[in-house]
Structure formats: structure tokens, C-alpha cells
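Morning, everyone. Let me put the next structure up, and then I will walk you through it.

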Amino acid sequence: HNASLIAIARGASSSNGMCLEGFIKPDIYNTVAQTSTFAIGKAVYLNSNATVTTEVPSTSGSFARILGYATSTTVMYFRPSNEYVEIA
């Protein structure tokens, strides 16, 4: 697998624009939601159910890719890494 460009919609759909890098607040107005309150300063990952969390993915066969870092309990700095690890 190769790391690909990843973006988050800035609203309910991609027609609202796509965020490639910057501060976002995942919520019902974005196409991605938080699974729980962020731990400030921790890396943020994408879950298999298209939600974001500060918990490292642990399901065998899934991929761990840092999407950015939590800057508050509800806001993240979105700057996806080009590196990822397959969970064994």
C-alpha cells in the first residue's frame, strides 16, 4: 500500500470544500466525527468507521496513520502523515 492524499470535508459534503491542512473541529457539520473527547497533545488517528480518535487503531489488518494532533478536547490540527503502519 502507498500513502495517499487525504482530506476532510469542511462541511456536510465535499462541495463545502476540502481541508488539506489546518485546524478543524470534527463534529456533525463535517464528514468525520470524534469518537470521544481528545486527549490534548496526542496524535489523532482515523478509525475504520470513519471517525477520529486519539486511540491508536488495534484491529489486525487495519492501518495506523497519524492525521494530526489534538490542540484541545474538540479541535485538532489536521496535517496527515505520509507514513502508516499495518497492524499485525
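Start with T51. It sits in strand 6, residues 51-53. Strands here are DSSP runs of E, at least two residues long, and helices are runs of H or I, at least four, all numbered from the N terminus. Before going on, the ground rules. This is a predicted model: local features need pLDDT of at least 70, side-chain atom pairs count only at pLDDT 80 or more, and totals for chains, interfaces and linings use all residues. Residues are numbered from 1 along each chain as its sequence is written, and side-chain values use heavy atoms, with hydrogens and water left out.

Back to T51. Is T51 buried or exposed? T51 is buried, at 13% relative accessible area. Buried means under 20%, exposed over 50%, and partly exposed in between, with a 1.4 Å probe and protein chains only. What is T51 in contact with, leaving aside neighbours within four places in sequence? V32, A33, T35, Y45 and L46. Contact means heavy atoms within 4.5 Å.

Now the whole chain. The count is 0 helices and 10 strands. Read along the sequence, the pattern is β-β-β-β-β-β-β-β-β-β. The radius of gyration is 12 Å, close to the 12 Å that the globule rule gives for 88 residues, so the chain is as compact as a globular protein of that length. That radius is taken over C-alpha atoms, and the rule is 2.2 Å times the number of residues to the power 0.38. The C-alpha trace spans about 35 × 25 × 20 Å along its principal axes. Buried residues make up 32% of the 88. Take the contacts with a separation of 6 or more: 39% of them join residues 24 or more positions apart.

Next, charge pairing. How many salt bridges does the structure hold? The structure holds 1. A salt bridge needs a side-chain nitrogen of Lys or Arg within 4 Å of a carboxyl oxygen of Asp or Glu. The partners are E21 and R79, with their closest N and O atoms 3.4 Å apart. E21 lies in the loop between strand 2 (18-19) and strand 3 (22-24), and R79 in the loop between strand 9 (76-78) and strand 10 (85-86), so the pair ties together parts that are 58 residues apart in sequence. E21 is partly exposed, at 46% relative accessibility. R79 is exposed, at 53%.

That's the tour. Over to you.
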